[in-house]
Amino acid sequence: MTKGLMQNMRTDGPGSVICGIGSLSGVHGAGVRSMYAAVKGAMDAFFKCLDCETKPENIHSMVAHPGYIQTNVSQNALVGDGTQNFGKTDSNIKNGLPVED
């Protein structure tokens, strides 16, 4: 997907920007969401590397970390042995921004 997108950005000319949506969990880690945090952290690293690779072409990459959003991510997270859902909303998510905003 990124390869195809980059071809279009090169055609559109310099000054293009690609922005991924990251998570504070990927930067700081998060209990009960280790896999989610790991994937978001990897995505953050990918976009940093992509920015280094495409900077000579004046194409920039970045990741936005919007903060906590009221979703079911902790409700649906699996417990340590993977046998059941955690089933709770943690306080960070509960006090986060509503999805509608």
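Q: Where does N58 lie?
A: N58 sits in the loop between α3 and β2. Helices (H or I, at least four residues) and strands (E, at least two) are DSSP runs, numbered from the N terminus. This is a predicted model, where local features need pLDDT of at least 70 and side-chain atom pairs count only at pLDDT 80 or more, while totals for chains, interfaces and linings use all residues. Residues are numbered from 1 along each chain as its sequence is written, and side-chain values use heavy atoms, with hydrogens and water left out.

Q: What is the phi of N58?
A: Start with the general idea. Most residues other than glycine have a negative phi. Now the case here. N58 has a positive phi of about 60°, although it is not a glycine.

Q: Is N58 buried, exposed or partly exposed?
A: Check the relative accessible area: buried is under 20%, exposed is over 50%, and partly exposed is in between (1.4 Å probe, protein chains only). N58 has 35%, so it is partly exposed.

Q: What span should helix α3 have, and how far apart are its end C-alpha atoms?
A: The expected span is 1.5 Å times one less than the number of residues. Helix α3 has 21 residues, 34-54, so it should span 30 Å. Its end C-alpha atoms are 30 Å apart, which agrees.

Q: Which residues of α3 are buried?
A: They are A37, K40, D44, F47, L50, D51 and T54. These residues cover an arc of only 150° around the axis, which puts them on the same side of α3. The arc is taken from the directions from the helix axis to the C-beta atoms.

Q: Which exposed residues sit on the face of α3 turned away from its buried side?
A: That face carries S34, M35, V39, C52 and E53. Take V39: its relative accessibility is 51%, so V39 counts as exposed.

Q: What do the buried residues of α3 pack against?
A: They pack against α1 (2-12), β1 (17-21), α2 (24-28) and β2 (60-64).

Q: At what angle do the axes of α1 and α3 cross?
A: Each axis is a line fitted to C-alpha atoms, for helices over the stretch in contact, and angles run from 0 to 180 degrees between N-to-C directions. The axes of α1 and α3 cross at roughly 35° and come within 13 Å.

Q: Which residues make the contact between α1 and α3?
A: Contact means heavy atoms within 4.5 Å. From α1 come T2, M6 and R10, and from α3 come F46, L50 and T54. By class, the contact has three nonpolar, two polar and one charged residues. Ala, Val, Leu, Ile, Met, Phe, Trp, Tyr, Cys and Pro count as nonpolar, Asp, Glu, Lys and Arg as charged, and the others, Gly among them, as polar.

Q: Which residues does H60 touch, not counting residues up to four places away in sequence?
A: H60 is in strand β2. With those places left out, H60 touches S16, V17, I18, D51 and K55. H60 is partly exposed, at 28% relative accessibility. H60 and C19 are 41 residues apart in sequence, yet 8.5 Å apart in space, C-alpha to C-alpha.

Q: What is A64 in contact with, leaving aside its neighbours within four places in sequence?
A: A64 is in strand β2 too. With those neighbours set aside, A64 contacts C19, G20, I21 and G22. The C-alpha atoms of A64 and G22 are separated by 5.6 Å, while the two residues are 42 residues apart along the chain. A64 has a relative accessible area of 26%, so it is partly exposed.

Q: Where is N85 placed?
A: N85 is in the loop between α4 (73-76) and α5 (91-94). N85 is partly exposed, with a relative accessible area of 43%. Leaving aside neighbours within four places in sequence, N85 is in contact with Q75, N76, A77, L78 and V79.
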